[in-house]
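Have the model open beside you and go through the points in order.

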Amino acid sequence: MIRPRRLEALDHSPEAVRRRTPVHRVWYAAYGSNMHRERLTAYLAGGRPPGGLRACPGCRDPRGPLRTAPVLLPGLLYFATESQVWTGGRAFYDPGPARTADDAPRTELPSQGYLLTVGQFSDIVAQEMYREPGEDLDLTQALTHGRAQIGPGRYETLVCAGALDGYPVLTCTAPWRSDDIAVNAPSAAYLRHIGAGIVAAHGWSVHRTARYLAGCPGAAGHWRAGEIESLLTAAP
């Protein structure tokens with residue numbers, strides 16, 4: 001099994017923020033289908049990912065990540081709303097204290113960290129909202145307070161979960177909490193991308209990955225671990 005990287009606590013004091021800004025590179029912590037490198041490539045270089053229903057315009061800078069690293073985010077993965085790319089529920093990150101559908105505590109979420117430019121991260125966030133990329137985000141509030149709502153949309157809340165090798169670790173999620181919205185079961189194609197990403201990034205077995213995803217709100221009660229395991233072992 002691959003050993004994940006532990007995040008460093010980020011000093012949000014004004015002096016510390018001044019020392020590390022302006023930021024030119026950030027770790028993008030992907031926890032949904034972007035954990036799968038093939039899916040991320042569609043956001044970076046453009047194109048339609050296998051199993052997806054929409055093509056992505058791509059980033060202004062289509063180059064691949066400078067580095068990758070498996071990271072654990074404190075919080076919960078859950079599925080809600082309806083994806084226009086995959087159908088079924090979208091993956092969201094709840095960084096606050098939460099419990100799984102069977103009321104067992106879950107404190108960490110496996111994700112894949114990609115070291116990107118600020119422009120690439122900004123363009124990925126824009127594409128998550130089905131917008132044309134082209135404008136860099138102001139990350140000051142996220143770096144200062146650990147969280148910034150840049151809009152009302154489903155992926156317009158930025159969370160800075162810590163730092164890794166001196167670079168801030170950022171991801172995007174919804175402004176609501178997992179308890180505040182009705183969950184929705186994800187599609188098979190979507191689960192396959194997420195599961196394959198977890199296996200590749202963290203070295204988990206297919207069995208462990210399937211059990212993890214089957215316990216996430218939205219998937220729990222709709223997908224059994226054995227069914228997800230079959231998705232991950234089926235020939236493409």
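1. Start with Q127, which sits in helix 3 (residues 118-128); helices here are DSSP runs of H or I with at least four residues, strands are E runs of at least two, and both are numbered from the N terminus. Q127 counts as buried because its relative accessibility is 4% (buried is under 20% relative accessible area, exposed over 50%, partly exposed in between, with a 1.4 Å probe and protein chains only). Its side chain reaches the backbone nitrogen of G58 at 3.0 Å. Leaving aside residues up to four places away in sequence, Q127 touches A42, Y43, C56, P57, G58, C59 and P133 (contact means heavy atoms within 4.5 Å).

2. A word on where this comes from: it is a predicted model, where local features need pLDDT of at least 70 and side-chain atom pairs count only at pLDDT 80 or more, while totals for chains, interfaces and linings use all residues. Residues are numbered from 1 along each chain as its sequence is written, and side-chain values use heavy atoms, with hydrogens and water left out.

3. Next, have a look at strand 7 (residues 157-164). Seven of its eight residues are buried, so strand 7 is largely enclosed by the rest of the structure. On one side, strand 7 pairs with strand 6 (residues 147-149) in the antiparallel sense over three bridges (a pair needs at least two DSSP bridges), and Q149 stands opposite T157. Strand 8 (residues 167-173) also runs antiparallel to strand 7, joined to it by seven bridges, with L164 opposite Y167.

4. What sits in the turn of that hairpin? Two residues lie between strand 7 and strand 8, and D165 takes a positive phi near 55 degrees there. D165 is not a glycine, and it is partly exposed, with a relative accessible area of 34%.

5. T87 is another one to click on: its phi is near 65 degrees, again positive in a residue other than glycine. You'll find T87 in the loop between strand 3 and strand 4 (90-94), where it counts as partly exposed at 37% relative accessibility.

6. Helix 5 (residues 188-202) has 15 residues and should span 21 Å at 1.5 Å a residue, which agrees with the 21 Å between its end C-alpha atoms (the expected span is 1.5 Å times one less than the number of residues). Its buried residues include Y190, L191, H193 and I198. Just after helix 5, G203 takes a positive phi of about 70 degrees.

7. Finally, helix 6 (residues 206-214) buries T209, A210, Y212, L213 and A214. The buried residues of helix 6 pack against strand 3 (76-80), strand 5 (108-117), helix 5 and helix 7 (225-233).

Notes. A polar contact is a pair of N or O atoms within 3.5 Å; within protein, one must be able to donate a hydrogen and the other to accept it, and residues adjacent in sequence count only if both atoms are side-chain atoms.
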